[in-house]
Amino acid sequence: MTLPAALQRVPFPVIGAPLFIISHPKLVIAQCTAGIVGSMPALNARPASQLDEWLAEITEALAAWDRAHPDSPAAPFAINQIVHRTNDRLEQDIEVCARYRVPIVITSLGARPDINEAVHAWGGVVLHDIINNTFARKAVEKGADGLIAVAAGAGGHAGTKSPFALVQEIRTWFDGPLALSGSIATGSAVLAAQAMGADFAYIGSAFIATEEARAAPAYKQCIVDSTSDDIVYSNLFTGVHGNYLKASILNAGLDPDKLPESDPTKMDFGGGEGSKKAWKDIWGCGQGIGAVDAVVPTAELVARLRREYMAARDRLVALCAG
């Protein structure tokens with residue numbers, strides 16, 4: 001299947017994952033001008049009226065970049081919408097996105113035909129994130145254009161499926177746009193995602209440790225200092241299982257080895273005070289951070305990923321030729 005026009009305009013096959021609290025226009029613009037899809041959650045704009053200001057800032061900055069760099073235009077951007085019933089801003093935020101004709105909308109925590117239809121009405125593309133093949137089928141049946149397979153090891157809310165299993169199951173029936181998430185922090189991992197059958201790598205945690213990210217310095221440094229051994233998988237903080245940095249759990253006075261189970265009926269995905277405290281104080285992070293050894297500008301991180309990708313591709317070509 002041919003990719004939608006918006007996704008064909010991505011020079012390097014990476015989508016920067018929307019990071020709750022952390023992603024904002026400065027990071028999105030830096031990602032897009034570096035040649036990857038930049039994204040942010042609509043709920044990061046607080047108050048809600050700020051979303052209009054932020055979308056104006058992003059669209060104007062990317063248009064200015066394209067005028068100044070006609071031979072290397074910016075990649076499109078995406079806005080993440082939490083479509084769960086707890087998000088009482090959803091309708092208002094979708095209306096703002098419609099005014100700016102947001103090219104890509106990433107939907108999470110529920111598939112909604114009405115939201116998909118609204119995005120399609122202005123010509124946008126909907127990518128829905130899923131953690132298993134059952135949810136993938138439901139998302140496509142309800143009108144999603146593409147899927148984001150959130151495999152084991154991804155930062156924040158994450159599934160438990162091996163990326164090999166998840167991608168191969170989806171590709172037996174779906175040939176549309178597919179991004180893969182889960183411990184991807186190197187260019188060779190981007191190439192591996194493509195080799196498995198994904199069109200894009202979906203990278204979040206590595207971008208927390210960038211200069212443009214709106215994360216506390218201690219959070220960024222903790223990512224630099226940590227490895228996969230320092231990631232804890234728990235549903236305590238929002239009601240849904242996710243991956244978090246062990247150091248932040250210890251700093252909160254909790255024992256990361258003895259965390260209780262949360263009541264899933266009291267989920268808080270980003271609209272309430274509970275989840276804001278969780279993501280601010282309990283730091284979400286994926287298992288791929290062993291590849292992150294410094295806080296760098298976004299453009300430098302993307303440049304490293306590109307170099308590693310090309311080197312890995314050259315090794316693969318040489319291996320096949322030999």
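I started with terms: two strands pair if DSSP finds at least two bridges between them. Helices (H or I, at least four residues) and strands (E, at least two) are DSSP runs, numbered from the N terminus. This is a predicted model, where local features need pLDDT of at least 70, side-chain atom pairs count only at pLDDT 80 or more, and totals for chains, interfaces and linings use all residues. Residues are numbered from 1 along each chain as its sequence is written, and side-chain values use heavy atoms, with hydrogens and water left out.

Entry one, the sheet. I found an open sheet of three strands in the order β7-β11-β10, paired antiparallel. Its edge strands, β7 (156–157) and β10 (231–234), each pair on one side only. Two bridges join β7 to β11 (residues 242–245), and G156 has N243 of β11 as its bridge partner.

Entry two, salt bridges (a side-chain nitrogen of Lys or Arg within 4 Å of a carboxyl oxygen of Asp or Glu). I count five in the structure. One of them joins R99 to D52, with the closest N and O atoms 2.9 Å apart. R99 sits in helix α4 (residues 90–100) and D52 in helix α3 (residues 50–68), 47 residues apart.

I then checked accessibility: buried means under 20% relative accessible area, exposed over 50%, partly exposed in between (1.4 Å probe, protein chains only). R99 is exposed at 53%, while D52 is partly exposed at 25%.

D199 lies in the loop between α8 (187–196) and β9 (200–203) and R171 in helix α7 (residues 163–171), so the pair ties together parts 28 residues apart in sequence.
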